[in-house]
Amino acid sequence: MLRVLALASVVLLGIAPQASQAITVYTSWERHALVGSDVRLSCSFFSWRFVSEDVSFTWRYRPDGSRDSVSIAHYAGGEPYTDNKGAFKDRVEFVGNPKRRDGSILIKNLDFSDNGTFTCDAKNPPDIVGRPSSVRLLVFETLPIQAGVITGAIIGVVLGLLVLIVVIYYLMRFLVARRVFSLSVSRNVEGPQLCILP
Amino acid sequence: MLCILLGVLALHLLVFILLIVSTASSQWVADEKGHSDLWYSCLSEPKAYSCSQASNEDWIQAVQALMILAVVFCFVSLLAFAYQLFRLFKGGRFYFTSIFQILASVFVMCAAIIYTVMRPSNGKGFGYSYVLAWVAFPLSLISGLIYLILRKKD
């Protein structure tokens, strides 16, 4: 009975009209990097279907303050193609694994002129309806301190010290109650009367 | 006995509320053009009101951390007071409560001093949150010292 049901569902899915559904593309929101370093921009997508043979990724770059975007990387038909004429010549490399829905690129040797927005558009035919996702790249000379890092560090250290002191205090009390230790605070120890066992 | 207890508890709660209001409200530096605090700085021009995140510099993050730690320690001291009220033996002193409260006052003092020394120098006057922080420091110190000399009777 179960086998019949499974077979029927497979057949129905197979002959159902190939309606396209939405695809969702994911990238980071913002990336910070140092001048001269490499940065890996990740792009992934969610689609209800399995990864098809015609999956494609397109990366576009739009400099800060400009309205036009230019393509810098494209993956289609199983082959990656990268920029070999423009500002990213020989600096872009396709490092993703499309079979695992990963269309990441690696940009080497960053410069201040690489500040801008990188847009990733992924298509998994027949799921082609989707919005491209953008990641903003910021290139710094020295990485600034992110908001909240020092705050969290101070709070964490102080609370950790507090927990440590409380644990040590209770450990000392436990040790004093266990062994016949004559410490000056032992008279303040609460608990049952101590007997010296033979 | 009950009056002293209620008075001490009221003082503790007052310090706790002052600390929370001072940490969260947005008026450390204020004038008619805008106000700023530990978390946001807002500008109110005619027909516009825009807020942006306060600076990411080290000192303001340290002030944030110290104020939050002061609030946390004051709350823990409140819990320790409730615990020790019922579990302390007769004649005992409220050591834990007092230690946490005094630590909270030290943290508020450090935060207020750092903010006073390092505040953005654009001539704006201090708002009420800053005043509350400076008021909370001696009140919490007094509260902690009261707990130190308080003894539990039955």
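This is a predicted model: local features need pLDDT of at least 70, side-chain atom pairs count only at pLDDT 80 or more; totals for chains, interfaces and linings use all residues.
**Figure 1. Helix 1 and helix 2 of chain B pack against each other with a left-handed crossing.** The axes of helix 1 (residues 2–24) and helix 2 (residues 58–87) of chain B come within 9 Å and cross at roughly 160°. Angles over 145 degrees count as roughly antiparallel, and helix 1 and helix 2 of chain B are therefore roughly antiparallel to each other. On the side of helix 1 of chain B, the contact is made by Leu5(B), Val8(B), Leu9(B), His12(B), Leu13(B), Val15(B), Phe16(B), Leu19(B), Ile20(B), Ser22(B) and Thr23(B). Helix 2 of chain B contributes Met67(B), Ile68(B), Ala70(B), Val71(B), Cys74(B), Phe75(B), Ser77(B), Leu78(B), Phe81(B) and Leu85(B). By class, the residues of this contact between helix 1 and helix 2 of chain B comprise 17 nonpolar, 4 polar and no charged.

**Figure 2. Helix 3 and helix 4 of chain B form a contact with a left-handed crossing.** Helix 3 (residues 95–118) and helix 4 (residues 128–149) of chain B have axes that come within 8 Å and cross at roughly 155°. This angle makes helix 3 of chain B roughly antiparallel to helix 4 of chain B. The residues of helix 3 of chain B in the contact are Tyr95(B), Thr97(B), Ser98(B), Gln101(B), Ile102(B), Ser105(B), Val108(B), Met109(B), Ala112(B), Ile113(B), Tyr115(B) and Thr116(B). Those of helix 4 of chain B are Tyr130(B), Ala133(B), Trp134(B), Phe137(B), Ser140(B), Leu141(B), Ser143(B), Gly144(B), Leu145(B), Tyr147(B) and Leu148(B). The contact of helix 3 with helix 4 of chain B holds 15 nonpolar, 8 polar and no charged residues.

**Figure 3. An open sheet of chain B consists of 4 strands in the order 1-2-3-4.** The pairing in this sheet of chain B is antiparallel. Strand 1 (29–31) and strand 4 (48–53) of chain B stand at the edges, and each has a single partner strand, so one side of each is left without a neighbour in the sheet. From one strand to the next, the twist averages 10°. Strand 3 (residues 40–45) and strand 4 of chain B are paired in the antiparallel sense over 6 bridges. Within this pairing, Leu43(B) has Ser50(B) in strand 4 of chain B as its bridge partner.

**Figure 4. Strands 5, 6 and 7 of chain A are joined through antiparallel pairings.** Strand 5 (residues 56–63) and strand 6 (residues 70–76) of chain A are joined by 5 bridges, and Phe57(A) has Tyr75(A) in strand 6 of chain A as its bridge partner. The hairpin of strand 5 and strand 6 of chain A has 6 residues between the strands, and in this hairpin Gly65(A) takes a positive phi near 90°. Strand 6 of chain A is in turn joined to strand 7 (residues 79–82) of chain A by 4 bridges. Here Ala76(A) stands opposite Glu79(A) in strand 7 of chain A. The hairpin of strand 6 and strand 7 of chain A has 2 residues between the strands, and Gly77(A) takes a positive phi near 60°.

**Figure 5. An open sheet of chain A contains 3 strands in the order 3-9-8.** Its pairing is antiparallel. Strand 3 (39–41) and strand 8 of chain A are the edge strands, and each pairs on one side only. Neighbouring strands of this sheet are turned by 25° against each other on average, direction ignored. Strand 8 and strand 9 (residues 105–107) of chain A pair in the antiparallel sense over 3 bridges. In this pairing Val92(A) stands opposite Ile107(A) in strand 9 of chain A.

Figure 6. Most residues other than glycine have a negative phi, and most peptide bonds are trans. Pro126(A) is placed in the loop between strand 10 (116–123) and strand 11 (133–140) of chain A.

**Figure 7. An annotated segment of chain A covers residues 145–171.** The unreviewed UniProt entry gives these residues of chain A the annotation "transmembrane region". In the model, residues 145–171 of chain A are 85% helix and 0% strand. The end C-alpha atoms of this stretch are 39 Å apart.

Conventions: Residues are numbered from 1 along each chain as its sequence is written. Chains are lettered from A and ligands numbered from 1 in the order in which they are written. Side-chain values use heavy atoms; hydrogens and water are left out. Axes are lines fitted to C-alpha atoms, for helices over the stretch in contact, and angles run from 0 to 180 degrees between N-to-C directions. Angles under 35 degrees count as roughly parallel, over 145 as roughly antiparallel, 65 to 115 as roughly perpendicular and the rest as oblique. A crossing is left-handed if the near helix is turned anticlockwise from the far one by less than a right angle, and right-handed if clockwise. Contact means heavy atoms within 4.5 Å. Ala, Val, Leu, Ile, Met, Phe, Trp, Tyr, Cys and Pro count as nonpolar, Asp, Glu, Lys and Arg as charged, and the others, Gly among them, as polar. Two strands pair if DSSP finds at least two bridges between them. UniProt positions are given in the numbering used here, feature names are shortened, and annotations may be inferred rather than shown by experiment.
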